[in-house]
Each structure stands twice: as structure tokens, then as C-alpha cells.
Amino acid sequence: MRSEQSLGRKSHFLGTKIRNLRKRNHLTMEDLSARCIRINSGVAPSVSYLSMIERGKRVPSQQMLEVIATVFQKDIGWFLDEMPEQDAITPNKGRRGGISGMALEPGFLFSQDILQIAIPEMLSQTGISGRQFAHLLIRAHQEHHQNHFPDLERVAEEIGNKQLGLTVNDLTALLKRQGVKIKWFDEPVSQIMDDMGSCSGRLTTSYFEAPGTIFLNKALKRQTTRLKYDLAVHLGHSVLHSVDASRSPLIAGRTRIEQDADSLLTTPNPQDILHAWRDFEASFFAGALLCPKVPYRQLLDQHGYEISVHKKIDVSPSVAMRRMTVVSPYPHWHYFDAYAPGKLKAVYRGNGIPLPWGNMRQVKDPCQHWAVFRMINAADSGSSAQISILNVNGESRIYCCKSLRVIDLADNPHVLCAGIDLNPAIDAQKGNALELAEDLKNVCVSHGGSTPIPQSIRKRLQTVARILNINWIERGIDTDARLICSRGAVCPRDPSCYRPEE
């Protein structure tokens, strides 16, 4: 009896280890149960019992664990807390993107009831608003599925008939079919000061009033691409959530999320997650309507994924770049919409790249060699392509990004950045991506952090760029490769360019 109790006390990672080991060996629970039966039918777990073990609801007996260990040719101690190797307890998400997962053990502490009690207290104590937390959940969901939401794509294609280049008149007509009226209002840009003393503009571009009226700011007449986006978002709400469904106002510049952080509204509203999710669905619908998947992918293929294709179909560069991460057959993309260090208005990381700075708290040591950071601080507008080498979970990875400095309707400069992880593409061509990235990193370190790419590495990257058919990768290869880091305190440059404040 004592040994069974001891096993229970050491089994917090057991279910996660069994599940991950089973999946890495491509076994279903039925397969694993059948193999255990062949070894010892008297103590082998049934499929339902195995499911409870993996979810942390049950602890197997010593004899049952010995049978499972035999199937996988592991020592029984490997499954217990004494050996919590990161590889064993980190979920394997296959080709899915986003940041790495972690085991939530003991499993009973992460039940729905306990989380619903604990989360409001966590938000209150950490200063994160309910709306911010909702957006964090949605982003994780988005990254986990690598931006693939076929149901939303399908609805948008049915409404827009897969037409590329819808006009304002087209969108207005679609709204009228939904029973939506359009009115105009006139409201100037307001200036908001943050706790650092910096001012930024904020403009309400459109909002909804029940029953079924959209109010559009006359400022939208100056920028038809933003006008089309607002119309498409409101159309998405009307189609997906009914004409009378409540929705957040659309804003250029500072968002409600940032306002929540400033005013420390940390008590979660029960409707926050629902409304944030509906806003995300409507925004995704808008992108799918304005850039339908198949014709937009064909257009990108014809023009080598140049950002300038947005002009051909009269959409904003932000919509064009976000849709690239969806329609490209290559899944390892990231996207940032950065207003300033500490203000990432939009984030997508299907390739798991770390953030250059936080968007819920101020980071005091951001690495200033990220392309998006350099572009924010640049005096001129324009675009740039950059090859970067970044250490991610102890491995060197090669990224290429394309950045574009633009001005929003509230006259705020911000930088749009779309990028990809080149390591999977290198590996697909029978190359050793980690070895190549480490070689390029060492060359950069020996040259103070940045260097022209050596010819041997250049040729291999050019081959990958041409296979991916992304022109700006080749332009990035022609510029200096740069070492970047997740935080200045772990700067890989020698000597370090990070100097903490005294």
C-alpha cells in the first residue's frame, strides 16, 4: 500500500509523459491498450482508463506502469517526477505553430472549475485586464492552428463569391443585403499620453449602433483601403453574429487593450472573452473577404510575395501581409504590427519566434537589432528586408523578414513586419539547418554582430528563396545578416551591445 501511495506522489508528469510518448510513436490509445494486453492482460489498462491516466485523473498501479514501461522499453523511473526531462513533458504539436507548450501537472489543478476561480485573481494581481487575457487566449489559439480557420474562409467566400478586389460600392451593397444602414460622423483625432509622457493619436474610425446602423468617420474618405477594411469587419459581424450583435468600435492608433492596461481595469468582465473572440472572427472574415485564399495566393505567386501587391487589389498593406501568413503553402510565418517598443498592436507567431518586446508590459532591454525596432526608430519611410539569426530554445534559427513603415489615420507611425523561419525550408532541401545557422551565427559574432553573408551560405539561402518564390528573401540575402536576441540581457554579440541602466 505504501508503494502505491509513493507512486501517486511522484506521478505528476506521468500522464503527460505517457501521452507524448504514445503520440511520438504514432500509437492511438487503442494501440497502446492492445499492446499492454499482450504483455499482461490481467493489469493492462483499458482505453477509457488509459485516457484518465493521460489526463491526470487516475494513477496506474505499480504493475500497470511496469507493463506500459515495457511497451516503450523504458525504465519505470523515467515516467516519474525524478526524471522530468523537458522533451518528455513538452507537448509535441507536430507542424503546428506558436510558442512551445508546457505540461500542466498535477492535472487536477487545471480543471475547468479551478481555473475559473483562479484566473480572475491572477488577472487582478498581475495587472492584466480581462480583455488583454482574452486576446492572449485568442492569439494562442490562432498560432496553434497556424491561422487556418476553414469555416470562416468558407463563409467569406460565399458572401464575396471569391472576388479579388472588391470595391467600396461592392461592400456597401453587401451590407445593405444584410439590412445594415450606413451613416457618417465627424470626429477629430484625440491625443493620449502614456505613463512615459509620450503622446499618440487615437481615432474612432467606425462603430455600430443597434438596430443595424454603422457609423463611419468621414476621415475614412481619405483612405479607401481602411474604409474597405472597416466595412468588411462590420459585414463579418453581421453575417457571423447577426445584425444586432454588439461589437467593439474600430480604432486607429491606441486600442482599448492599451487603455485597459493604463487604467488597470483588471476585474474581468464575463463578456470580454466572447466579445474579443467575435471581434477576431469578424477581422479574420474581413481579410478572407478582401483577399480570398485561392486568387490571392495566385496573385502572390505571380509577384513573388511582394508587399506591393496590396496596391493592385486596393487593400491596406497590413491586410495583405496578414493574409500572406494564411494563404502561403509554407506555414512558418510571423507578423508584427508595432507602434513603439512595448506596443505591439497585432502579433502572430506561427513559427514560434519570441517577441521583440512585450505588448502587456514594458520591456526594459529590447534588442535594438530587430528589423521592426530599427524601422520604428528610422526617420524615413520605406521598406527593408533582413536576414536574422536568433537563438530559440538553445538552437540557432535563420529568419528573414520584410518590414514597412507606414502612417495610420491618426497620424501615428508604425511598422508592419512579415517574416518566415528558414530552417524548415533548408531542412526540406536535404540541408542541415541548425548547422548552417550556427555557422552563420559564428561568422556574425566574429564580425561584431553583423556581416555580409558568406558565399557558401548565400548560395544555399538563394536556392531556398527561389523554391519558396519570395523575392524579398533574396534582397535580404544581399544585405548584412544580423544577430538578434530575445532580450538585451542575453545579447550574443561580443562585446555585448546591451548596457543595463546603472
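This is a predicted model: local features need pLDDT of at least 70, side-chain atom pairs count only at pLDDT 80 or more; totals for chains, interfaces and linings use all residues.

## Charged pairs across the chain

A salt bridge here is a side-chain nitrogen of Lys or Arg within 4 Å of a carboxyl oxygen of Asp or Glu. With that in hand, look at Asp314 and Lys228: their closest N and O atoms are 3.7 Å apart, so by the 4 Å cut-off they form a salt bridge. Asp314 sits in the loop between helix 15 (309-313) and helix 16 (317-327), while Lys228 belongs to helix 11 (residues 224-241), so this pair ties together parts that are 86 residues apart in sequence.

How many salt bridges does the structure hold? There are 12 salt bridges. Side chains of opposite charge can pair when their charged atoms come close.

Glu54 is part of helix 4 (residues 47-54) and Arg22 part of helix 2 (residues 14-24), so the pair ties together parts that are 32 residues apart in sequence.

Asp421 forms a salt bridge with Arg397, with 2.8 Å between the closest N and O atoms. Asp421 lies in strand 10 and Arg397 in strand 9 (residues 395-407), so here the pair ties together parts that are 24 residues apart in sequence. Asp421 is buried, at 3% relative accessibility, and Arg397 counts as buried as well, at 17%. Elsewhere, a network of salt bridges links Arg139, Glu143 and Arg349.

## Around Leu416

Strand 10 (residues 413-421) is also the place of Leu416. Leu416 has a relative accessibility of 1%, so it counts as buried. Which residues is Leu416 in contact with, leaving aside its neighbours within four places in sequence? Its contacts include Pro317, Ser318 and Met321, then Tyr335, Phe336 and Asp337, and also Lys402, Ser403, Leu404 and Val406.

Another residue to look for is Tyr339. Leu416 and Tyr339 are 77 residues apart along the chain, and their C-alpha atoms are separated by 9.0 Å.

For Cys367, the nearest cysteine sulfur is that of Cys485, at 3.6 Å; a disulfide needs the two sulfur atoms within 2.5 Å, so Cys367 is in no disulfide. Cys417 is in no disulfide either, and its nearest cysteine sulfur, that of Cys401, is 3.9 Å away.

Cys367 has a relative accessible area of 4%, so it is buried. Cys417, at 2% relative accessibility, counts as buried.

## The chain as a whole

Now step back and view the whole chain. Its secondary structure comes to 21 helices and 12 strands. Of its 502 residues, 50% are buried. Among contacts between residues at least 6 apart in sequence, 66% join residues at least 24 apart.

And what is the accessible surface of the chain? It comes to about 24,100 Å², and 51% of this belongs to carbon and sulfur atoms.

Key:
Residues are numbered from 1 along each chain as its sequence is written. Side-chain values use heavy atoms; hydrogens and water are left out. Buried means under 20% relative accessible area, exposed over 50%, partly exposed in between (1.4 Å probe, protein chains only). Helices (H or I, at least four residues) and strands (E, at least two) are DSSP runs, numbered from the N terminus. Contact means heavy atoms within 4.5 Å. Accessible areas come from the Shrake-Rupley method with a 1.4 Å probe; for residues, only the protein chains shown count as cover.
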